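Open your viewer and get the selection tool ready.

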Amino acid sequence: MIRELGETLENAVFENVGRASSRVQERKPLPADLLESDDAYLVVFDAPGATASDVQVRYVDDRVEVRIDRFRDFHDGFDMLFPGRGLSLDGSLTLPADAVVDAEAATATLKADGTLQVTVPKVETEDAAPEDEGGAADDHDSDEGDDGDA
């Protein structure tokens, strides 16, 4: 009887510690890296244990937002003692203030190594046309009677 009570208390402690650990993980934002090329931004999130159906990616204002709702697999013959992995994970990353992107053309790829790669293409912006520097010089050269070269 005392042994059974001890096992029950041990299981309760493991379960509570595990749940607290998973809640901490769920409240902590997913780590992310931001990379840039000439054509796009690449945002890389850690997405351990996720499957493609678990992942939601949105572009809101100037942010890439990710939500992962994972599920625990059941294993025949095993009981859960320590549920330590967070099931609902969130993350976001804000692109630079001067970023001009095509959010509709963005793609997300879940890699086998547990990373989620979100590619957001840049939109080519037309820079202001350079001033015609030769125009002013042409006005000076139009004097037909000027024999400037001796």
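Predicted model: local features only at pLDDT ≥ 70, side-chain atom pairs only at ≥ 80, totals over all residues.

Start with the idea behind the tour. Side chains with opposite charges can pair when their charged atoms come close. How many salt bridges does the structure hold? The count is 5.

**Stop one: Arg 58 and Glu 65.** Select both and show their side chains. They meet in a salt bridge, with 3.0 Å from N to O. Is Glu 65 buried or exposed? Glu 65 has a relative accessible area of 17%, so it counts as buried, because the cut-off for buried is under 20%.

Arg 58, Arg 63 and Glu 65 are linked in a network of salt bridges.

**Stop three: Arg 67 and Asp 69.** Clear the selection and pick these two. Their side chains form a salt bridge at 3.2 Å, N to O. Asp 69 is partly exposed, at 22% relative accessible area. Arg 67 is partly exposed as well, at 30% relative accessibility.

**Stop four: Arg 67 and Asp 90.** Which strands hold the two residues? Arg 67 lies in strand E4, residues 63-69, and Asp 90 lies in strand E5, residues 88-94. The pair therefore ties together parts that are 23 residues apart in sequence. Asp 90 is partly exposed, with a relative accessible area of 30%.

Technical notes
Residues numbered from 1 in each chain as written. Heavy atoms only, no water. Salt bridge = Lys/Arg side-chain N within 4 Å of Asp/Glu carboxyl O. Buried < 20%, exposed > 50% of the residue type's maximum accessible area, 1.4 Å probe, protein only. Helix = DSSP H or I, 4+ residues; strand = E, 2+ residues; numbered from the N terminus.
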